[in-house]
Amino acid sequence: MASDINYQDGPDFSRRDESPTEDEPIHSPGSRQTEYERIGGRTGSSVLQTIIHLLKGNIGTGLLGLPLAVRNAGLLVGPLSLLIMGIVAVHCMNLLVKCAHHLSAKLGKPFLSYGDAVEYGMENVSWLSRHSIWGRHVVNLFLNITQLGFCCVYFVFLSDNVKQVVETANATTGNCHNNETAVPVPSYDSRLYMVFFLPFIILLVFIRNLKYLAPLSFAANICMCASLVLIYYYCLTNIPNPINLPLAGRGADYPLFFGTAIFAFEGIGVVLPLENKMQNPRNFTKVLYLGMGIVTFLYISLGTIGYIGFGEEIRGSITLNLPLCWLYQIVKLLYSFGIYITYALQFYVSAEILIPPAVARCGPRWALMVDLSIRVALVGLTCESNYSKYKTKAFFTHTIKFSVLHLHTCVHRGVLSLIFTSQC
């Protein structure tokens with residue numbers, strides 16, 4: 001991990017080496033494995049830790065909006081579309097990892113970032129080799145916009161959910177059988193809640209080692225798992241009989257489904273960083289299939305069951321349909337804690353792109369200060385983007401906007417993967 005490397009010692013992998021050619025010998029699988037294992041070694045993430053991070057990176061705010069997405073696509077078309085999208089996502093993730101392995105072996109490097117993989121992959125294609133550096137810049141730009149965009153949405157999600165719990169506390173009861181409508185008592189403006197969360201998020205992103213973040217990710221997964229179990233329980237115990245829902249939605253609503261579903265697959269950007277920091281990266285394929293299999297199952301099941309349970313009354317976030325009782329208010333708080341930890345994982349991708357070049361330009365004496373300053377500035381940016389022009393519908397506005405950007409990123413990665421798959 002770039003954040004864990006001593007800035008004064010060790011090899012410099014930030015310099016761009018000679019591009020590989022087709023005549024260069026490819027290292028044997030044994031040598032490639034040795035080169036990869038020396039990155040993480042004993043300080044790298046274990047298989048269990050990597051699975052925890054992968055789940056944490058993919059289970060976020062987008063999951064709660066999938067019941068509404070299924071409503072837009074239909075009870076049959078929605079789940080089938082989610083299954084297809086999950087298969088395509090896992091295939092592209094695995095393809096990127098394989099290409100990164102191949103290119104790193106040819107270059108003799110212990111690991112490659114997204115930008116490295118695209119640049120060196122394009123250099124193997126004659127008509128793209130002259131523009132390979134632009135491949136790196138474009139992918140890094142999309143990654144930064146996408147990941148920081150997720151972080152912006154997380155700020156809104158945290159402030160809105162905590163604000164909801166506080167404002168409806170006077171009407172919250174112990175009766176979870178009746179979904180009563182409460183009159184909220186106005187409290188502080190949502191922007192003040194964002195300011196309240198700001199120092200805690202800054203402290204969180206100061207954790208630069210994924211291994212040290214694993215216990216928090218594990219706790220967040222437990223909280224989100226408990227929340228999802230309660231959501232599943234309520235939906236399953238309130239399924240209407242008979243189920244009179246359309247199997248296919250209107251064609252005009254399908255783009256809304258696609259945008260929400262793409263936004264839900266928000267862990268694509270953390271795949272290579274997680275693989276690069278494993279103790280034994282050759283096991284990452286198993287981790288990827290297991291982790292994304294669980295994620296895809298959750299997406300399909302919650303989207304389907306949530307839509308069946310609430311029907312046409314389903315709202316933008318399924319938590320908004322839950323009864324107004326303390327049990328389900330706690331669900332919101334537990335899920336908010338999980339989103340709080342997820343912020344660090346999504347933020348990590350942008351930090352790995354932006355911080356190392358800045359640190360390389362300054363002396364070792366100022367490396368740590370520059371590192372921490374950039375982290376504070378990026379967190380402040382994600383907060384300020386919501387704070388300056390915050391509205392009630394900001395969460396959904398950000399969701400749609402960054403879903404589109406995320407779609408562009410996924411398409412770009414898919415095209416580049418196909419380009420250098422022919423060379424890999």
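Trainee: Is Val-331 buried or exposed in this structure?
Mentor: Val-331 counts as buried, because its relative accessibility is 1%, and buried means under 20% relative accessible area, exposed over 50% and partly exposed in between, with a 1.4 Å probe and protein chains only. Keep in mind that this is a predicted model, in which local features need pLDDT of at least 70 and side-chain atom pairs count only at pLDDT 80 or more, while totals for chains, interfaces and linings use all residues. Residues are numbered from 1 along each chain as its sequence is written, and side-chain values use heavy atoms, with hydrogens and water left out.

Trainee: Where does Val-331 sit, and what does Val-331 touch?
Mentor: Val-331 lies in helix α13, which covers residues 326–361; helices (H or I, at least four residues) are DSSP runs numbered from the N terminus. Leaving aside residues up to four places away in sequence, Val-331 touches Ser-227, Leu-230, Ile-231 and Leu-322, where contact means heavy atoms within 4.5 Å.

Trainee: And how far is Val-331 from Cys-223?
Mentor: The two are 108 residues apart in sequence, yet their C-alpha atoms are 8.5 Å apart in space.

Trainee: Which residues have the most contacts inside the largest nonpolar core?
Mentor: They are Ile-201, Ile-231, Tyr-335, Tyr-343 and Phe-347, in a core of 103 residues. The largest share of this core, 16 residues, comes from α13. A nonpolar core is a set of buried Ala, Val, Leu, Ile, Met, Phe, Trp, Tyr and Cys residues joined through side-chain atoms within 4.5 Å.

Trainee: What about Thr-382, buried or exposed?
Mentor: Thr-382 is buried, because its relative accessibility is 1%, and its place is in helix α14, residues 367–387. Among the residues that Thr-382 touches, not counting those up to four places away in sequence, are Phe-155 and Tyr-343.

Trainee: Where do Tyr-254 and Phe-257 lie?
Mentor: Both lie in helix α10 (residues 254–264), 3 residues apart, which is about one turn of the helix. Tyr-254 is partly exposed, because its relative accessible area is 32%, whereas Phe-257 is buried at 0%.

How values were computed:
Helices (H or I, at least four residues) and strands (E, at least two) are DSSP runs, numbered from the N terminus.
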